[in-house]
Every structure is written in C-alpha cells, then in structure tokens.
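Keep the picture open as you read.

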Amino acid sequence: MNIAVVGLSHKTAPVEVREKLSIQEVKLQGVTAQLCGYAHIEEVAILSTCNRLEIYIVATETERGIQELIQFLSEYGQQPLQELRPHLFILLYQDAIMHLMRVAAGLDSLVLGEGQILSQVKNTHKLGQQHKGIGRLLNKLFKQGITAGKRVRTETNIGTGAVSISSAAVELAQMKVHNLEPYRIAIIGAGKMSCLLVKHLLAKGATNIAIVNRSTRRAEELASKFADANLQLHLLPQMMEVITESDLVFTSTASTEPLLDRAKLETHLDQNRSLLLFDISVPRNVAADVNELDNVQAFNVDDLKAVVAQNQESRRQMAREAEILLDEEVQAFEVWARSLETVNTISSLRSKVENIREQELEKALSRLGSEFAEKHKEVIEALTRGIVNKILHDPMVQLRAQQDIEARQQAMQTLEVLFNLNC
C-alpha cells in the first residue's frame, strides 16, 4: 500500500511560504487532474487550509511518486526546490495514515482540538471524489479519518471550550486594547471565519461592527444570524472608507492578492489615527509592508501562537486520551488494507472452484435427461452454489483475518500450490 503524504503546515513553514503553496478550491479540479496524470501517482487528495497544505497520494512507486509531487509543488509555488524542501514534511504509509487521523481529530492544529478542520477533511474527501482523484485506498483512508475525528470529539472532551483561529484573533485584539466595547471594528469578508469573528467579538463586548464584502447576499446572510447586533453592511468598493473610520480591522477573504498594503493605507489613513489589523487569511489579505507605517500594527495567523499557547495545556491530557482512539482507527484501516493482499488469491480460488462446479453440473444435468434437467435445474444450481460457498467460506474468512504477514503469505502460497491456481 504505497500511501504517502507530502505537505507543509504552521509547524514547518511561515505564512509567507504557506500562502505561495495555497491551492484555492476553484483550482482543485485542475491540480488533481494534473497530479493523477503523472506516471507514478494513482490517487490524490488535497487538503488546503490557512494553516496547512497536505497532498495525500497512492503511488505505483513511492519514491518516484513523491519526487513527482515535490517537483509539482516547487513549480506551482514558484519556489526553488532547495528553498522549499526544508519546509516540507514527507510521511509514508503508517505514519501518513496516523497523520490524517490526528489532523481530522484536531490534534495537529494550531488550536488543539479545534473543530473546523474535521469539516475541511470531509470537504477534501467530497471534492477528491468529485474530481476523480480519490480511489479505493484514499476513499477508505479518509472515511476512517473522518470516523476517527468524530470519535475523538464525542468520546473525549478535547473540543470543549476549544478556541478557533477566529476566537484567538479576537483574544489577541482584546489583549491589545483590553476593552473592545468603545472601539469601531470592521471585518473584511463574510464567510465562515468572519461569522465566527462576529460571534466572538459580540461575546467579548464589541458593539460597533461593520461587515465589508464583495456581495450583498453573503453579508446579509451573516447579519441575519446576529439580528440583535445591528451590524453595518458595506460593499467592497467602500472598504477604504470603512477602514479609515475603524480602530480595529479583521480580514478574512479568499483573495489571492493583498487587499491592503502600505501605499493604499498611506493614501487614505490619517497619520494621527492608529489602526490595528488582524489578518487570518492565507494567502494574506494584508501585505507585510503595512507595518512600516508608524500608526499601523498588523498581525497574521502566525502571530496567534502566543494566544493559543495559553489555552493548550489544559487539553494535552485529553489529547493523550484521543491518541488511544486513533490507534484503534489506524489498526482498523490496516486490517482492511491487509485484506486486500488476499483478493487475488481468493478470486483465483473462487474462479477455479466455480469452473469445476459449472462443468460437473453440466455433466450431471446431461445424464438426468432434458425433461428432468429443465424442471429441476434451478434447484440443483442453487444446491451446488450453496455447497461451494460453504466450503470456501471458512478459508476466505481466515485468510482475510490473518494479521501476521508471514503467516498470511504462507497461507496464500499453500492455497496456490494445493489448488494449482497459477496454471
């Protein structure tokens, strides 16, 4: 089972590297088709979030498949191989399987136990199937990973009170200004992360919140969830006008280019007014050069680590409990995967026995005469099929269930010799 994962995350690469490798959902179909077109890659699943890009593959030859994948990442991100390699992690078979389980359970997240990643894993599975990148192995692996993520959330308390990227950003803002109530706040974007921002800002006492979005519909949908909050809605062309009237700005859009940079802020912003920017998007919505302005402070997702660290320790024991559940899910996947090795032997055995059954049935029916054979053929057919199935049942079950590799291979070889299956 040549399963591997190659990727980078908040643990291995800074945001300026992650954003170059980010694969937007609209590009997934083309990228999946391109990767599946490589000589040594059979299956592909792409998990791309603000904190990670992970590409899971099934390869005909593991080493060459990984080489093809790394070369693709270098070309896609326009990063020389020697600069990209230090940021990549490569995990093979069992390590790759366990990694997906941990990711789905929120154990590899910046925010330990965060729940959003499970829905992102589900979406990766769904889109991988739609784009015909996921085959039998990755389909089973992702189903097992999703089951693992659900079990951890229902059988442990690791998700209880777990902060998200959005809530961590709000906490960071509160650390900077102490009391959010008097401040004018703007949120650029109206997606899921922005919805969470509104929720946590309101919980922390914010009362003056403006939403800026490309479309009116999405902004109105967000506002309808907080009917009592009196959110102010604006379209993107009004963005700079809203920002100049705000004290704190959160950005969370799918834009692949910065929406704000030094030149734009310098043109519109009064030098006597200070502005705090919290960018939780990858690729970043705020260019790094805005920090060159004396009256502007900008923070990105990597700046949230200090906030998150304060909330981590209480969940570490819960994470250890979760690892036990994940071991069970990994074992379940491996039992299934090992059973695939027996498919050819079982198929050959059944085919041989079925051929014998059909030949002997034909002889018997011809001896019984056409009138009797025609009348009782279905009964005799069912009888012979039942005998064959009952004889083969135990050997097949035992062969699939055999976990010892050497014992399983010896059993398959014995069957092949005894029944002359290679002829």
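Predicted model: local features only at pLDDT ≥ 70, side-chain atom pairs only at ≥ 80, totals over all residues.

The largest pocket holds about 1,400 Å³ of space. What counts as a pocket here? On a 1 Å grid over the protein atoms alone, it's an open set of points with protein on both sides within 12 Å along at least five of seven lines, and a residue lines it if one of its atoms is within 4 Å of a point. Grid points are joined across faces, edges and corners, and the volume is the space filled by probe spheres set on those points. Residues are numbered from 1 along each chain as its sequence is written, and side-chain values use heavy atoms, with hydrogens and water left out.

Back to that pocket. Its lining has 46 residues, and Gln-24, Glu-25, Met-193, Thr-253 and Ala-254 lie nearest the centre. Strand 2 (41–49), helix 6 (116–130), helix 9 and strand 6 each supply at least two lining residues. By type, the lining splits into 20 nonpolar, 20 polar and six charged residues. For that sorting, Ala, Val, Leu, Ile, Met, Phe, Trp, Tyr, Cys and Pro count as nonpolar, Asp, Glu, Lys and Arg as charged, and the others, Gly among them, as polar.

The second largest pocket has about 370 Å³ of space. It's lined by 15 residues, with Glu-19, Lys-20, Thr-256, Glu-257 and Pro-283 closest to its centre. Here the lining is four nonpolar, six polar and five charged residues.

Now zoom in on Gln-24, which sits in the loop between helix 1 (15–21) and helix 2 (28–36). Is Gln-24 buried or exposed? With a relative accessible area of 16%, Gln-24 is buried; the cut-offs are under 20% for buried, over 50% for exposed and partly exposed in between, using a 1.4 Å probe and protein chains only. Its side chain makes a polar contact with the side chain of Ser-22 at 3.2 Å. (That term means a pair of N or O atoms within 3.5 Å; within protein, one must be able to donate a hydrogen and the other to accept it, and residues adjacent in sequence count only if both atoms are side-chain atoms.) Leaving aside neighbours within four places in sequence, Gln-24 is in contact (heavy atoms within 4.5 Å) with Tyr-76, Ala-254, Thr-256, Val-282 and Pro-283.

Two of those partners deserve a look of their own. Val-282 and Pro-283 are joined by a cis peptide bond, with omega about 0°. Pro-283 is in the loop between strand 9 (275–279) and strand 10 (296–299).

Helix 6 provides the largest share, three residues. The lining has four nonpolar residues, four polar and no charged.

Next, helix 10 (residues 216–224), whose buried residues are Ala-219, Leu-222 and Ala-223. They cover an arc of only 100° around the axis, which puts them on the same side of helix 10; that arc is taken from the directions from the helix axis to the C-beta atoms. Arg-217 and Ser-224, on the other side, are exposed. The buried residues pack against helix 9 (192–203), strand 6 (208–213) and strand 7 (232–235). At the N-terminal end, Ser-215 caps helix 10, with a side-chain oxygen 3.5 Å from the backbone nitrogen of Arg-218.

His-178 has a positive phi of about 75° although it is not a glycine, and it is exposed, with a relative accessible area of 63%. Asn-230, in the loop between helix 10 and strand 7, also isn't a glycine, and its phi is positive, near 55°.

Key. Helix = DSSP H or I, 4+ residues; strand = E, 2+ residues; numbered from the N terminus. 1 Å grid on protein atoms, 1.4 Å probe; cavity = no way out; pocket = protein on both sides within 12 Å on 5 of 7 lines; lining within 4 Å.
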